[in-house]
Amino acid sequence: MSRNLTADLAADLRTRIVDGAIQPGEKLPSENTLISEFGVSRTVVRSALTRLQAEGLVETERGRGSFALTPPAEGPAAAPGTRPVSSMEDRLQMLDFRIGVETEAAALAAKNHTEHQLKAVHGALEQFTASSGHPGPSMKADFEFHRAVAAATGNPFYTDCISALGQTMITMPRPRLVASEDQDSPERFAQVVHEHASIYVAIADGDQVAAAAAMRLHLSNSRRRFTASARG
């Protein structure tokens, strides 16, 4: 019986996260609230949260509560060969893949972009800059910036690749999701904005080498930030 209650609670919370009722970075209802709402024991609540943690949908901070992480990519059922991104290893491998693909995409964007595509990259940069302190919109704007760079290559395969990966590819370190009151968070976000801006400037200048270097640095830094956050 307890196992079914755990599954039911996990399914309800999973649906709220995937459907966006609980946004990335938003705090889940407290244990006491879930106990009252579902009429279950504290053990059931904690078991359900542990299950969601294993799926990469929830991060629990001792003394602070549980927070929603990146939901799975939107869209139809996963295509054959598509892998879920849930564990730390999955996310690091995703970043390694992105370094290879998006470094070249940035160089091609510097070479091939149209004015309309460049404006789209700049617009995505402005949206991301304005999303400070709001993890859900920040994640979406981050993804849209990288998708705009892919579109600026003029090669639809890059666009298709990034679109297929979806927002799941944005690996936000824990401080950007759950430590909004952390004094270091604004500095961390400002650094990411600076990295995005450097990519945009290099693309706008038509400097293929600088654009590739800026993208590689940005994603390598993202990998380092995520690793440090996970260890912390």
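Author: What follows goes from the core to one helix and then to an aromatic pair. This is a predicted model, in which local features need pLDDT of at least 70, side-chain atom pairs count only at pLDDT 80 or more, and totals for chains, interfaces and linings use all residues. Residues are numbered from 1 along each chain as its sequence is written, and side-chain values use heavy atoms, with hydrogens and water left out.

A nonpolar core here is a set of buried Ala, Val, Leu, Ile, Met, Phe, Trp, Tyr and Cys residues joined through side-chain atoms within 4.5 Å; buried means under 20% relative accessible area, with a 1.4 Å probe and protein chains only. The largest such core has 20 residues, and Val121, Phe145, Val149, Ile199, Ile203, Ala211 and Met215 have the most contacts inside it. Two or more residues come from each of helix 4, helix 5 (115–129), helix 6 (135–151), helix 9 (185–204) and helix 10 (208–231); helices are DSSP runs of H or I, at least four residues, numbered from the N terminus. Another core, of 16 residues, lies apart from it and includes Leu13 and Val40.

Val149 touches (heavy atoms within 4.5 Å) Ala105, Ala106 and Ala109, among others.

Helix 4 (residues 88–112) has a kink of about 30° centred on Ile99, the bend being the angle between axes fitted to the seven residues ending there and the seven starting there.

The whole structure has one aromatic pair, with ring centres within 6.5 Å as the criterion. The centres of Phe128 and Phe189 are 4.9 Å apart and their planes at 35°, so the pair is tilted, since under 30 degrees counts as stacked and over 60 as edge-to-face. Both Phe128 and Phe189 are buried. Phe128 belongs to helix 5 and Phe189 to helix 9, so the pair ties together parts 61 residues apart in sequence.

How values were computed. Expected span 1.5 Å × (residues − 1). Buried < 20%, exposed > 50% of the residue type's maximum accessible area, 1.4 Å probe, protein only. Phe/Tyr/Trp six-rings, centres within 6.5 Å; stacked < 30°, edge-to-face > 60°. Lists of a residue's contacts leave out its neighbours within four places in sequence.
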